[in-house]
Amino acid sequence: MSHVADPVASILAGYRPLAGGYDELVDAAGRVRPHWRPFVEALEQVGLPELNRRADGIARRLRESGVYYRAYDRDADQAWPLSATPVLISAEDWRIIEAGVIQRARLMEAALTDFYGPRNLVANGDVPAAIITGSPDFLRPMAGRTPAGGRHLSFYGVDLGRAPDGRWWVLNDRTQAPSGAGYALGNRIALARTLPETMHDLDVQRLAGFFQTFRATLTARSAPDSAGVCLLTPGPYNETYYEHAYLARYLGFLLVEGEDLAVRNGAVFLRTVAGLKKIDMLLRRLDADFADPLELNPSSQLGAPGLAHAARTGAVSFANALGSGLVESRALMSFWPKLSQRLLGEDLLLPNIATWWCGDDAARDVVRARFDDLAIAPAFTNERGGLFSFGAAQAAALSPQDRAAVLARMERRGGDFVGQELVTLSSTPVMSPEGFEPRPFQLRVFVAATQDGWVVMPGGFCRVSSRNDPLAISMQRGGMSADAWVLADGPLVYRSLLPSANALEIRRAIGALTTRTAENMFWLGRYLERADACLRLVRALATRAGERDPEAVDVAERLCSLLETWGAIADIEQDERSAGEAAAEAMQATDMFGAPPVLVRRALHAASAIRDMLSPDAWRMIKGLDRQLSEPLDGAVADTLDRAERGLRELAAFAGYAHENMTRSTGWAILEIGRRVERGLAVARYTANFGVSDAGPAALDALLELGDSQITYARRYFVTASPAAVADLLIFDEDNPRSCAFQARHLRDLLDQLPESAHADAVHALRRSVVLLEAAMASHSPGDVDAAFMTSLDAAFLHVASSFAELYLADHPDAP
Amino acid sequence: MKYRIRMISSTHYDTSAPLGSHVLRLKPRESAAQRVTSFAIEIEPPPADVIEGVDFFGNATQTFTIEKPHDVFVFRAIAEVETTAAPPALDAPSPAWETVRARAWADADNSPWSPAQFLFPSRIVSLDDDITAYAAVSFPPGRPIVAALDELMRRIHADFIYDVDATDVTTTPTAAFAARRGVCQDFAQVMIAGLRGLGLPAAYVSGFLRTMPPPGKPRLEGADATHAWVSAWCGPDLGWIDLDPTNAMLPGNSHITIGAGRDYADVAPEIGVIVTYGKQALEVAVDVTPLD
């Protein structure tokens, strides 16, 4: 094909469509297609260098909106790579797609209803029984039941590709728990900031209305006395967890994990800090097999025992229903044209890939005869120990051994295989600094059930290949995403991505705080504060590196032994390492439970489990600190000192951020309780080591430094430190934000912000623990601070922490 | 034969469990060959509410949650059963195994005991090329299915060592096959993996054997615990035929069926989800006495 011959598009010079496929941007004669023309003109005006400059900001924008994904084989979060160029879909094409995917959603729903219900399709011979029984997603405990609310599918995803003749084809059905809609939303927001004027001028259809409808439909299925719709996620280790957190925040649903749920007397409850709260509607992103270890996968730790029974009795609705993944089977692809006639009395509006299920002898003969022209794929998913380990493959590309193995297995168990027509995808432009290039892509479209029908998200999630190979089969890995812009026929009515003012109910507290979230909040606060306390020790130690003055050496040795006691450095003989070495060791330890990098990593883990509760800024601060502390150190004392100083600054920034930007919710109070307890403990322990009555001036100076109180002290006393005056400042002074008394007073105030609890004994025990803490300080004076008093203060802070955990974080098994 | 069956299981937790959710599958199955005249179950500590149910494959279930802290979880079941099964004759005519296979894959029935339910890998039984090749030796082209099944059962009995220490309830047939060792569950699951690998429907049956043999007969392996064997589909006329590879026999009057499904995971006598830390110690005792 020739390169672009269009005179308006000098920016497209060098764009050469791929041979053999349809190109979205230009026609066979090399002319820009009409619906792309205004877009290309806009690009022309902005110019290639400016476009590339803007594209560089996309990854940052995605991070800002919280769009990440986690690759299973890596520990790090990655920003979803997003193409700076959207795929434009004309209004005419969209009408075809919309009608086609709605019809297919109806078909999927009707088929699920029969497969789990009367089984007429199998009994009448329309579908062989083995197609149903062979799917690992045919959940036998759900057979014979109509799901609560009467529907299996609430949210359906379908992958489309465009054939060389310009027709759209269905490549895959996603009926279990389709991913991508949240990423599509994130992609849209990032791109809207990159090409604002273009998007506005082109009348690109907005996504907000679709999500409003989806939200309203699910909310209507939840009883008013329940705790609201919850989004059930497998948790932070899932590849698409960030999408779950992002969608939960966007839709205003509570993000929950299996351990947040409890089934009592057949009803489903949320474990919250205020006790068990009834729920009845779960938007499910957890694969159904993992939902219930009693009736489904017994090794699952992601679900809750009793959920399957609750789903059967209708006590809880799932969107999508447990077992809806059944109709994702490739094996069913060969039957949909016939089933569409049988169930709907209609021909398929969008064809799906031609497929032959080899459990049928005649179909197997076709596949054998055309072997090299086809893709060979597992008939069902291959998760449950089938014979097929390599997913879909182009038969002609199989090695001789694999080919022989596949043919032998097809002979014995043909029903495990399908043959599928190889699909050539269309291409869409992607931008590089040099210009635009065509890349094959497929489009995932989302359909949501409404009370009386179906609605399609006017957009989609495109996966764009990183290679030039237009065969759909080469798309299994890699590549990037692209936004899909559906163009409107006429001018659009503007709708914000935020819910419209009329639809918005004023809510002060969003939902309930789950016990798991509370626990992570509490430990986030504790780990961060403990890291702060430890960094102060390291800083104090590093500044004393190389000291020869005996008093200073003594202080350094005591700092070292405190770091040992805290588990920040290995416990070895003092003379085996210098102060500088000990400080550097603490800053680099990855296997010492009390070392700053380990504490920050734990804080990060706690934070990652409550992503929906943290703003992207708060998350980024913790993430940045973690990255900083895991970089290599050169070992010089100055480097260690600098690292510790920077760490303390980051932590101060987070504390300031939490103070200024977090709503004073229960979650905030719990984070603060964690911090206050931990700070009280640290100051008590500093004082026990450096501040008891026989302490010399060097020790007292170190204590003031650790307690961040040198300036206050100097302004008050103008003299060298005296033990009683230092103790007064660090223990008893309620106005010093680092003092034990200050922590105690704040703990008392924070308790008032916690939800009421029915466990009167435990409530009393918690209040008493704070009273005891305050009483311990009230009954002593700065003059009689000795080791025994410091030990009792230490114990009193720990007692507050354990009383708090007993009341709000423990599982109280009694029914509501 | 009439039998009284007693089964006691007690689990001791190192630290008290605040909560435990359990499903029991202990009630012997009713069938043409087996009648249950009485069945009773006791649970300690007593749960608030026991939900009686029947699972997909027709096994009776008791589902309950213990909602108070407990160190010990005990259940006792007592059943009286009358068996009338006589094993089928091995020399009766049966269809070629390939005919049975073709029929199972083309079946237009997906009710719970249709052959199509038992063709595929299941939770514990994956397909395994080595096991399939081992099984294929007994399945030359055109051989009547019952003769082939009988030979495979006898080969497993001869080639495998009964060893209660070699495996546990989670051992896969692949691991048991590699070791050529195991207990009844492993013998049964290896045979099932081989049959499914060849494309034939095979089910897992759990049950009991009489504890003391009749005078003059040897004591059977597996008599002191729950037992397991295989059921294989032999075409629409013969239906399901049971085979016990642990004892190389066709089960008859001495085998009492409790549950049946695709593998052990479908019929486990107890599945529990408990919140506890530390170790658990499990003791199980089974006693099967003839009443006449």
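**Notes on a predicted two-chain model**

1. Let's begin where the chains meet: 31 residues of chain A are in contact with 29 residues of chain B. Please keep in mind that this is a predicted model. On the chain A side, two elements each give two or more residues, namely helix H5 (120-123) and helix H6 (129-133). Of these, H6(A) gives the most, with four residues. What classes of residue make up the side of chain A that touches chain B? There are 15 nonpolar, 10 polar and six charged residues.

2. Now look at how chain A is divided. Its domain assignment gives domain 1 (87-330 + 425-486), domain 2 (354-421) and domain 3 (515-525 + 588-631 + 644-809).

3. Domains 1 and 3 of chain A have centres 44 Å apart, taken over C-alpha atoms. Their contact takes 15 residues from domain 1 and 13 residues from domain 3. On the domain 1 side, helix H10 (241-251) and strand E9 (267-272) of chain A each supply at least two residues. H10(A) gives the most, with four residues. By class, this side of domain 1 divides into seven nonpolar, three polar and five charged residues.

4. Which helices do the buried residues of H27(A) pack against? They pack against helix H15 (515-543), helix H21 (666-690), helix H25 (740-751) and helix H26 (760-778) of chain A. The buried residues include Phe789(A), Leu793(A), Phe797(A), Val800(A), Phe804(A) and Tyr808(A). Here is a handy rule for reading such a list: an α-helix has 3.6 residues a turn, so residues three or four places apart point the same way.

5. Chain B has its own division, into domain 1 (2-83 + 268-290) and domain 2 (97-267). Over C-alpha atoms, the centres of these two domains are separated by 25 Å. In their contact, 22 residues of domain 1 of chain B meet 19 residues of domain 2 of chain B.

6. Finally, which elements give two or more residues to the side of domain 1 of chain B that touches domain 2 of chain B? They are strand E1 (2-17), strand E6 (70-83) and strand E14 (280-290) of chain B. The largest share, six residues, comes from E14(B). This side has 13 nonpolar, six polar and three charged residues.

Technical notes. Residues numbered from 1 in each chain as written. Chains lettered and ligands numbered in written order. Predicted model: local features only at pLDDT ≥ 70, side-chain atom pairs only at ≥ 80, totals over all residues. Domains from an automatic or database assignment. Contact = placed C-beta atoms within 7 Å. Nonpolar A, V, L, I, M, F, W, Y, C, P; charged D, E, K, R; others polar. Buried ≥ 20, exposed ≤ 12 C-beta atoms within 10 Å, placed from the backbone.
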